[in-house]
Amino acid sequence: MSGLMRSIKQLTRSPQGQRAIALARRAAADPRKRAQARSLLGRLRGRR
């Protein structure tokens, strides 16, 4: 498990990881994207 955590840490510190984090933060701030994510999670959990 520590190997997985080390990989995640390395990814978050890399330029690609920083871009992915920035994209995720931007998407989380957008109300439409937030509603889409909520809808998707509801469908995956079996609720509508």
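Hi everyone, let me start with a pair of helices: α2 and α3 are roughly perpendicular to each other, a label given to angles of 65 to 115 degrees, while under 35 counts as roughly parallel, over 145 as roughly antiparallel and the rest as oblique. Their axes are 5 Å apart, and the packing angle is about 90 degrees. Axes here are lines fitted to C-alpha atoms, for helices over the stretch in contact, and the angles run from 0 to 180 degrees between N-to-C directions.

Before going on, a word about the model. This is a predicted model, where local features need pLDDT of at least 70 and side-chain atom pairs count only at pLDDT 80 or more, but totals for chains, interfaces and linings use all residues. Residues are numbered from 1 along each chain as its sequence is written, and side-chain values use heavy atoms, leaving out hydrogens and water.

How confident is the predictor? The chain averages a pLDDT of 91, and 96% of the residues score at least 70; pLDDT is the predictor's confidence in each residue, from 0 to 100.

Now the overall layout. The chain has three helices and zero strands, running α-α-α from the N terminus on. Helices (H or I, at least four residues) and strands (E, at least two) are DSSP runs, numbered from the N terminus. Along the principal axes, the C-alpha atoms fill a box of roughly 35 × 25 × 10 Å.

Back to our pair. Which residues make the contact between α2 and α3? On the α2 side they are A27, A28 and A29, and on the α3 side P31, K33 and R34, where contact means heavy atoms within 4.5 Å. By class, that contact of α2 with α3 has four nonpolar, no polar and two charged residues. For the classes, Ala, Val, Leu, Ile, Met, Phe, Trp, Tyr, Cys and Pro count as nonpolar, Asp, Glu, Lys and Arg as charged, and the others, Gly among them, as polar.

Next, the other pair. Helix α1 (residues 2-13) and helix α2 (residues 15-29) have axes that come within 4 Å and cross at roughly 80 degrees, so α1 and α2 are roughly perpendicular to each other as well. Here L11, T12 and R13 of α1 meet P15, G17, Q18 and I21 of α2.

And what about the surface? Of the 48 residues, 6% count as buried; that means under 20% relative accessible area, with exposed over 50% and partly exposed in between, using a 1.4 Å probe and protein chains only.

Let's visit two residues. L4 sits in helix α1 and is partly exposed, with a relative accessible area of 47%. D30 lies in the loop between α2 and α3 and is partly exposed too, at 24%.
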